[in-house]
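Biologist: Can you put the model up? I have some questions about it.

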Amino acid sequence: MNPSSVSSRFAVLGPYPRTAVAVLLLGAALLFSFGGMRTSLYPELLSVFEWMETTWFGYVGKTWGGAFALVQGGHLVSLGVLGGSVLFSDGRLLGLFSSLPIRDVIDGAHKVFVGALIVVAATGVFMVCGVAVKVYYLPVFWYKMLTLTVGVLFAFFVRKPLLDRNIDQVNPWVVRLVAMSSVMVWFTVAATGRWIGFS
Amino acid sequence: MSDQQKETDKTLRDDTLAAVVVSGSIVTFFIVYWSFEIQSVRELLEMAYG
């Protein structure tokens, strides 16, 4: 797509539309969290989680421990693959594996990342259905959903557009900052995910 | 400088600025969140073992 046509479409957001959208989303997230909307929406969601337990996934997850364990195994393995792709790609951006071509590492790792993310999400939905009401009352579950959402939005709408161009054009400190924050957000997703298992 | 080059530079500045804003927020959140969690664990350990 022609960059000028894209910029004219988002001209209403000013000279830096991606930055404007990022700031607006961050502001909306803060308003949602601290403006009372989160606490008013929370009770409404209980019926959704109760319904999830009545679905086919919910029945299988609750009554057949082997199926739940099998899917959880797939969830953990795919999360491991996702974490590996993040560490490999961001490690390369931070200066590790410097003998490998940076473009090949970033593009290859992104393909693995997308595949692993799809499996993580699909198996995660199944697992939540089995223990939906339990996780509804766990604050750490909501922290995981928050960090997962931030991680996905960050990967596709901030990190990828920045790194899709010639990396040499980008300020190296910005590249390092992006790599560090990517590792941090996916570390938090993994840690809060395991925390759910211990809650 | 051609219009195409100016547009590319502007897009680069926009992507860079967005990356700095979002990455800075993530790093700040990460430090604050895990600091509170570590503090909470320390308080629990102090309550348990003195």
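Modeller: Residues are numbered from 1 along each chain as its sequence is written, and chains are lettered from A and ligands numbered from 1 in the order in which they are written.

Biologist: How many helices and strands are there in chain A?

Modeller: Chain A has nine helices and zero strands, taken as DSSP runs (H or I, at least four residues, for helices; E, at least two, for strands) numbered from the N terminus.

Biologist: What does the C-alpha trace of chain A span?

Modeller: About 55 × 40 × 30 Å along its principal axes. Of the 199 residues in chain A, 27% are buried, meaning 20 or more other C-beta atoms, placed from the backbone, lie within 10 Å of the residue's own.

Biologist: Where is confidence lowest in chain A?

Modeller: In H1(A), with a mean of 54, whereas helix H6 (residues 102-130) of chain A is highest at 94. The scale is pLDDT, the predictor's confidence in each residue, from 0 to 100. For chain A the mean is 88, and 93% of the residues reach 70 or more. Where pLDDT is low, the predicted coordinates should not be read in detail.

Biologist: Next topic. At what angle do H5 and H9 of chain A pack?

Modeller: Helix H5 (residues 65-93) and helix H9 (residues 172-197) of chain A pack at about 160°, their axes 9 Å apart. That makes H5(A) roughly antiparallel to H9(A), the term for angles over 145 degrees. Axes are lines fitted to C-alpha atoms over the stretch in contact, and angles run from 0 to 180 degrees between N-to-C directions.

Biologist: Which residues meet there?

Modeller: From H5(A), they include Leu79(A), Gly83(A), Val86(A) and Leu87(A); among those in H9(A) are Ala179(A), Val183(A) and Trp186(A). A contact here means C-beta atoms, placed from the backbone, within 7 Å.

Biologist: And how many residues of chain A are in contact with chain B?

Modeller: 28 residues of chain A, against 20 residues of chain B. H9(A) gives the largest share of chain A's side, eight residues.

Biologist: Which other helices supply at least two residues?

Modeller: Helix H1 (3-9), helix H2 (17-34) and helix H8 (139-163) of chain A.

Technical notes: This is a predicted model: local features need pLDDT of at least 70, side-chain atom pairs count only at pLDDT 80 or more; totals for chains, interfaces and linings use all residues. Angles under 35 degrees count as roughly parallel, over 145 as roughly antiparallel, 65 to 115 as roughly perpendicular and the rest as oblique. Two residues are in contact if their C-beta atoms, placed from the backbone, lie within 7 Å. A residue is buried if 20 or more other C-beta atoms lie within 10 Å of its own, exposed if 12 or fewer, and partly exposed in between; C-beta atoms are placed from the backbone.
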